Amino acid sequence: MTEYKAVPQLSAEEQKLMDRAQVDRTFLTDKELKKQVTAIRNTIKNEEIRLRKEYPWLKHQNAISLVFFLGSVVSMIAIAYLYLQRILHWSLAVPLLAIPGSILHELEHDIIHNLYFKSKKWVQHLMFCVIWAVKLSIPPWVRKVLHLRHHIYSGQKEDAEERLIGTGLPFFYMRWLIQMDTFLTVLLLKDVEHDNKDVIKKEKLILVSSPTVIPFSVTLHLFWNYLRLLNGWTFTAYDPALYLPLSMWPYVRDVAILMVLPNMLRQCCLNMIASYCHYYGDIPENSVFYQNQILDHWLLWPIQLFCFNFGATHIIHHYIPNQPFYLRQMLAQKTLEVMVQNGVRKNDLAVIFRDNRYYDKDDSRRGKTLDELTAGDNLSNSSDSDDGDH
Ligand SMILES: [Zn+2]
Ligand SMILES: [Zn+2]
């Protein structure tokens with residue numbers, strides 16, 4: 001159980017095959033990638049063994065989840081109290097609330113994978129209820145169906161969870177709007193339902209999400225309209241904002257600052273990072289190697305802060321899904337090193353302009369090295385990649 005596993009090294013020949021595939025913009029088969037995937041999986045497992053030996057308290061998984069859960073809820077209540085007492089400014093309250101919100105999101109995800117309280121389902125459901133009320137998003141029980149499907153179909157049209165946050169959509173303002181406002185996801189539902197008829201019924205999804213998503217959206221739009229009214233940004237005498245009773249403004253403002261804006265900030269950061277750390281649209285089915293990239297550029301730190309470093313660690317979860325989120329963070333450093341050594345892409349920011357595709361659709365860029373492709377320059381091909389055919 002605690003035996004360290006062998007981590008195979010790529011031979012020069014295998015390394016060349018990897019490089020060649022990138023140049024030719026082709027995908028290696030599962031058989032050709034077996035060594036890389038084994039090296040990555042075994043490194044993750046070895047790191048877990050090492051950490052569990054070093055920190056025996058890691059075995060108390062249920063207790064740790066409870067500490068994170070109660071700690072997040074209590075800190076949110078404390079921040080809300082300080083804001084309502086006017087001790088904490090709203091500009092600090094919003095980001096401070098988003099951080100424990102991101103921990104609750106991770107806990108929700110781990111419960112989906114049945115990592116805590118396996119024999120006490122009622123605790124899982126209780127945590128789900130609280131998390132649903134705090135996140136004001138789709139019900140965790142529904143997310144469970146979509147998320148487990150994501151692990152089976154990542155990068156394919158059946159990957160409803162990723163598509164509903166805009167993954168694969170063209171680089172266009174609509175993609176950014178959908179990532180900011182949960183309610184706009186409704187615009188994608190018809191297309192996603194078409195490819196996922198067995199799990200998605202548009203009307204049913206809207207109905208079960210309405211207890212949280214509707215109050216979220218109504219409060220958000222009331223808040224913007226009050227802001228317009230208070231700043232005199234109204235249009236004609238028929239502007240609906242002019243009919244808002246001013247006595248309600250303090251309530252709308254406080255609910256927006258405590259419930260809606262922190263979730264918007266958190267969701268926006270998470271959706272942006274999640275949608276760009278996944279590849280979509282051209283990758284082979286069931287090939288874990290091509291499903292993700294590592295996003296850990298320092299420029300992304302402010303975004304990662306509100307999604308628990310998702311961009312740098314989600315890829316680990318695709319290889320080994322049954323590890324709690326804090327353990328994933330603890331074993332990330334060594335694992336990411338081995339991933340890069342084995343050809344996993346890191347900080348491929350050009351994915352934004354490729355609409356999540358692994359390779360560019362533009363054939364004129366065929367024959368460039370990976371660095372040249374991601375940098376988007378037009379340097380001529382090196383002699384190394386000119387000779388031979390694929
Ligand atoms: Zn994923
Ligand atoms: Zn998962």
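**Buried, exposed and the rest: why the words apply**

Trainee: Why does Leu 136 count as buried?

Mentor: Leu 136 has 24 C-beta neighbours inside 10 Å. A residue is buried if 20 or more other C-beta atoms lie within 10 Å of its own, exposed if 12 or fewer, and partly exposed in between, with C-beta atoms placed from the backbone. The count of 24 meets the cut-off for buried, so Leu 136 is called buried.

Trainee: What sort of model is this, and how are residues and chains labelled?

Mentor: This is a predicted model, in which local features need pLDDT of at least 70 and side-chain atom pairs count only at pLDDT 80 or more, while totals for chains, interfaces and linings use all residues. Residues are numbered from 1 along each chain as its sequence is written, and chains are lettered from A and ligands numbered from 1 in the order in which they are written.

Trainee: Where is Leu 136 found?

Mentor: Leu 136 sits in the loop between helix 5 (121-135) and helix 6 (140-153). Helices (H or I, at least four residues) and strands (E, at least two) are DSSP runs, numbered from the N terminus. Leu 136 is not a glycine, yet its phi is positive, about 50°.

Trainee: Which residues of helix 15 are buried?

Mentor: In helix 15 (residues 332-341), they are Ala 332, Thr 335, Leu 336 and Met 339.

Trainee: What puts them on the same side of helix 15?

Mentor: They cover an arc of only 100° around the axis, so they are on the same side of helix 15. The arc is that of the directions from the helix axis to the C-beta atoms. The face turned away from this buried side carries the exposed residues Gln 333 and Glu 337. Just after helix 15, Gly 343 has a positive phi of about 95°.

Trainee: How does the radius of gyration of the chain agree with a compact globule?

Mentor: The radius is taken over C-alpha atoms, and the globule rule is 2.2 Å times the number of residues to the power 0.38. For 390 residues a compact globule would have a value near 21 Å; the chain has 23 Å, which agrees.
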